[in-house]
Amino acid sequence: MSTARKLKLMASVSNSLSFKHGLSLWCPQSPSLHRIRHSSARNFQRRGFVVAYSSFANENREFVIVGGGNAAGYAARTFVEHGMADGRLCIVSKEAYAPYERPALTKGYLFPLDKKPARLPGFHTCVGSGGERQTPEWYKEKGIEMIYQDPVTSIDIEKQTLTTNSGKLLKYGSLIVATGCTASRFPDKIGGNLPGVHYIRDVADADALISSLEKAKKVVVVGGGYIGMEVAAAAVGWKLDTTGASIKNLEAGSDGRVAAVKLEDGSTIDADTIVIGIGAKPTASPFERVGLNSSVGGIQVDGQFRTSMPGIFAIGDVAAFPLKMYDRIARVEHVDHARRSAQHCVKALLSAQTHTYDYLPYFYSRVFEYEGSPRKVWWQFFGDNVGETIEIGNFDPKIATFWIDSGKLKGVLVESGSPEEFQLLPTLARSQPFVDKAKLQQASSVEEALEIARAALPVEAAV
């Protein structure tokens, strides 16, 4: 048999086996077997790709990440660290930009234009954790294929293919879903999409809000979570009249733009710029067949971020994962979890790592950090916000909140703490010491309260 015919036959066999059997053979009862089979399939698959699969739009097919946010950026870095990115990894994103640190959009990005606002490429991942800035050029240098502004609209699990909005057909060996969340919106019938009403999830949203702030006279912020707090702080930096409100509906003016908000009591507040920050919903479509969690939403995964489908993983905001220390399933919408879940998932996929993800819930925010601000505010929270709350302090300049459940300290928040105080918080939250509630309530300062909590730590956990 000639060399040419042999190559043709090998390519034909390789293609048929890869289509029929897939590339990631997963056995949830045997992680070690999963790794051996996956590695074997991966090597075999790469030989097949050399000579075939010309019908697919992506050149890098061994690993595909769907989503271009924080989790995707940190996953890419982990692939690079393991030497498994070059020619193997493809990222498919609906955004026009390489992965960036999304929290910047409601912090530094919204600073007044004369206060040195953040702009890309300044906050590409992974600068938020002190890592390298991964610009579009970085992905090219590392051999990572990027597909921008083309979200995935369907998946064929049996054929291990994806279809994008533009009609591209993509092939994957192992798939990581990192689609994050979309902003919850008010319905049209109460004015949720009037001109002048803003939601923030990506750079385009933030740019549109900045354009409105440049002309705004009165801003109303709906929602008291992260988005509401951070946007309100930014609007104050623009020296704009800013109000937070719980509303019944939005009202349009004669020009069709939003002109006022109607409150639950029937009164109205005039406003030309409205920012809605009422939460977010996991972007699980079109991956419903992979397996969703009906209680917390999102895609159900195990402690290594594997879904019920062989070779498919989910990370970041969209993943419903076992929160080991509290023995329940949770979904966490925060950059810290996006980073850590990405790293844990990729390490489990590429190495012998078998331990379960053991995440301590952590949230933080920083506001009023623009140049010339009279006071910068930074708070951190660790643990679980369950049980009775005890508040200490009066923002002069600190405040702390402790969550006590059945005598145990479950969670703690400190605002304007010192580095040493912030360092204590995760130890308290993870140790969950029994705390004298009456003694804590009588503390005259945040410092005294933290010292009471520290004294309750077991000897081996004391810091």
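The model is predicted, with a mean pLDDT of 88 for the protein chain and 88% of its residues at 70 or more. Residues 1–53 form a stretch where the pLDDT is below 50, although beyond near neighbours in sequence this stretch has 74 contacts in the model. Where pLDDT is low, the predicted coordinates should not be read in detail.

**Overall figures**

- The protein chain has 463 residues, of which 52% are buried, and its secondary structure comes to 10 helices and 25 strands.
- Of the contacts in the protein chain between residues at least 6 apart in sequence, 62% join residues that are at least 24 apart.
- The accessible surface of the protein chain is about 20800 Å², and carbon and sulfur atoms account for 51% of that area.

- Strand β7 (residues 174–177) is joined to β18 by 3 bridges in the parallel sense, and I176 has F313 in β18 as its bridge partner.

**The three-stranded sheet**

- A further open sheet is made of 3 strands in the order β17-β19-β20, with mixed pairing.
- Because β17 (299–300) and β20 (328–330) stand at the edges with a single partner strand each, one side of each is left without a neighbour in the sheet.
- The pairing of β17 with strand β19 (residues 319–323) is parallel and extends over 2 bridges, with I299 standing opposite A319 in β19.

**Helix α6 and strand β10**

- Helix α6 (residues 226–237) contains 12 residues and spans 17 Å from its first C-alpha to its last, which is close to the 16 Å expected at 1.5 Å a residue.
- The residues of α6 that are buried are G228, E230, V231, A233, A234, A235 and G237, and the buried residues of this helix pack against α5 (203–213), β10 (218–222), β11 (241–245), β15 (273–276) and β21 (362–367).
- Just after α6, the backbone of K239 adopts a positive phi of about 60°.
- In β10, 5 of the 5 residues are buried, so this strand is largely enclosed by the rest of the structure.

**Cis peptide bonds and positive phi values in loops**

- L120 and P121 are joined by a cis peptide bond with an omega of about 15°, and P121 is placed in the loop between β2 and α4 (136–141).
- K116 also lies in the loop between β2 and α4, and its phi is near 55°, a positive value in a residue other than glycine.
- With a relative accessibility of 65%, K116 counts as exposed.
- A cis peptide bond also joins S285 and P286, with an omega of about 5°, and P286 is found in the loop between β16 (280–282) and β17.
- F305, although not a glycine, has a positive phi of about 70°; F305 lies in the loop between β17 and β18 and is buried, with a relative accessible area of 0%.

Note on methods
Residues are numbered from 1 along each chain as its sequence is written. This is a predicted model: local features need pLDDT of at least 70, side-chain atom pairs count only at pLDDT 80 or more; totals for chains, interfaces and linings use all residues. Side-chain values use heavy atoms; hydrogens and water are left out. pLDDT is the predictor's confidence in each residue, from 0 to 100. Contact means heavy atoms within 4.5 Å. Two strands pair if DSSP finds at least two bridges between them. Helices (H or I, at least four residues) and strands (E, at least two) are DSSP runs, numbered from the N terminus. The expected span of a helix is 1.5 Å times one less than its number of residues. Buried means under 20% relative accessible area, exposed over 50%, partly exposed in between (1.4 Å probe, protein chains only). Accessible areas come from the Shrake-Rupley method with a 1.4 Å probe; for residues, only the protein chains shown count as cover.
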